[in-house]
Structures are given as structure tokens and as C-alpha cells.
Amino acid sequence: MLMALGPFLFTVTTQLLDTLTDREVARIEQMERAAAMPTPQFLGPGDREIEITALIYKEVLSPGGPFVIEAMRLALRAGLRLPLIARAGHFYGFFLIRELEVVKTHVLPNGTFQKMEVRISLTRSPLGFGIGGISLF
């Protein structure tokens with residue numbers, strides 16, 4: 001297992017993890033001042049978004065690939081909070097699936113697709129546990 005998003009596993013033999021983009025922003029607003037230039041004001045941590053791209057080769061490596069994609073669609077529609085954990089033990093936190101994009105290629109004469117490129121966009125969804133006002137999980 002390379003990574004797990006809740007019950008969905010990314011492994012070398014099923015859903016091959018291609019890239020992971022981790023983006024986090026701070027909440028900074030401009031504060032107006034009289035007779036001076038505005039100054040930026042740090043308001044706290046902002047959103048954290050992770051984008052995962054993976055490849056699924058249906059017949060070769062992962063005959064259950066299309067079912068995994070449909071299960072992810074159900075998690076997206078239900079708004080399930082899923083933990084994201086890397087194999088090395090790094091816990092990214094809890095995330096919601098914000099967007100799921102699947103590009104199917106390599107069609108066979110019977111109409112089945114052999115290759116699926118999956119892009120999953122996640123948004124951090126903290127449970128409210130924090131220290132000093134900073135959400136940890």
C-alpha cells in the first residue's frame with residue numbers, strides 16, 4: 001500500500017499513485033490604516049487541498065477498478081470524511097472528496113476501457129480537535 005484514503009487503497013498493483021499535490025494557504029487580509037499604506041494581517045490557517053492522480057489498468061492489474069471509482073463517487077455524494085494516510089505512517093488528516101475526474105482510454109472492440117486516469121481533489125475537513133486554536137485533525 002502506498003496510501004489510503006479511508007477504505008480506498010492506492011497500491012502498485014491496483015490504483016497506481018502517480019502524483020500528489022499538497023496545497024495550503026493562510027488567511028491574510030489587508031488592514032487599512034489612516035495616512036499609511038495598508039498592511040497585511042494574518043488571521044490564521046486557511047484551506048488545505050490535496051490533489052491525487054492515479055492510473056488504473058482495468059484488465060491487467062485491477063479488475064475491480066471501475067467498482068472502486070463508483071464507491072468513491074458514493075463517498076463524494078454522501079460527503080464522507082475520510083482519513084488520508086501514507087504508507088510511511090504520515091497522517092494528513094481528514095478530507096472530503098471535492099471532485100472526482102476519470103478519463104477512460106484504450107477502448108476495446110467490446111466497448112470496455114483498459115486504462116483509467118483518475119484525478120481526486122480533496123479538501124481538508126477538520127473534526128474540531130485542536131491546540132491553541134489550530135485544528136489538528
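## Overall picture

Among contacts (heavy atoms within 4.5 Å) in the chain between residues at least 6 apart in sequence, those that join residues at least 24 apart make up 57%. The model is predicted: local features need pLDDT of at least 70, side-chain atom pairs count only at pLDDT 80 or more, and totals for chains, interfaces and linings use all residues. Residues are numbered from 1 along each chain as its sequence is written, and side-chain values use heavy atoms, with hydrogens and water left out.

The chain holds 9 strands and 1 helix. Helices (H or I, at least four residues) and strands (E, at least two) are DSSP runs, numbered from the N terminus. Their order from the N terminus is β-β-β-β-α-β-β-β-β-β.

## Surface and burial

Of the 137 residues in the chain, 31% are buried. Buried means under 20% relative accessible area, exposed over 50%, and partly exposed in between (1.4 Å probe, protein chains only).

## The nonpolar core

A nonpolar core is a set of buried Ala, Val, Leu, Ile, Met, Phe, Trp, Tyr and Cys residues joined through side-chain atoms within 4.5 Å. The largest one has 23 residues, and Phe10, Ile52, Leu84, Ile97, Ile120 and Leu122 have the most contacts inside it. At least two residues of this core come from each of strand 1 (3-5), strand 2 (8-10), strand 4 (36-57), helix 1 (65-78), strand 5 (82-86), strand 6 (91-107) and strand 7 (113-124). Strand 6 gives the largest share, 5 residues.

Ile97 is one of the core residues named above. Beyond its neighbours within four places in sequence, Ile97 is in contact with Leu5, Met72, Ala75, Leu76, Leu82, Ile120, Ser121 and Leu122.

Strand 5 has Leu82, Leu84 and Ala86 on a covered face, while Pro83 and Ile85 are on the uncovered one.

Two strands pair if DSSP finds at least two bridges between them. Strand 5 runs antiparallel to strand 1, with 3 bridges joining them; Met3 has Ala86 of strand 5 as its bridge partner. Strand 5 is also antiparallel to strand 6, to which 4 bridges join it, and here Leu84 stands opposite Gly93 of strand 6. Strands 5 and 6 form a hairpin with 4 residues between them, and Gly89 in the turn has a positive phi of about 100°.

## Salt bridges

A salt bridge is a side-chain nitrogen of Lys or Arg within 4 Å of a carboxyl oxygen of Asp or Glu. By this rule there are 8 salt bridges. One of them joins Arg98 and Glu49, at 3.7 Å from N to O. This pair links distant parts of the chain, with Arg98 in strand 6 and Glu49 in strand 4, 49 residues apart. Both side chains belong to partly exposed residues: Arg98 has a relative accessible area of 45% and Glu49 one of 24%.

Glu99 and Arg119 form another, with their closest N and O atoms 2.8 Å apart. Glu99 is in strand 6 and Arg119 in strand 7, so the pair ties together parts that are 20 residues apart in sequence. Arg119 also meets Glu101 in a salt bridge, at 2.6 Å from N to O. Glu101 lies in strand 6, 18 residues from Arg119. Glu99 is partly exposed at 33% relative accessible area, and Glu101 is partly exposed at 34%. Glu51, Glu99, Glu101 and Arg119 are linked in a network of salt bridges.
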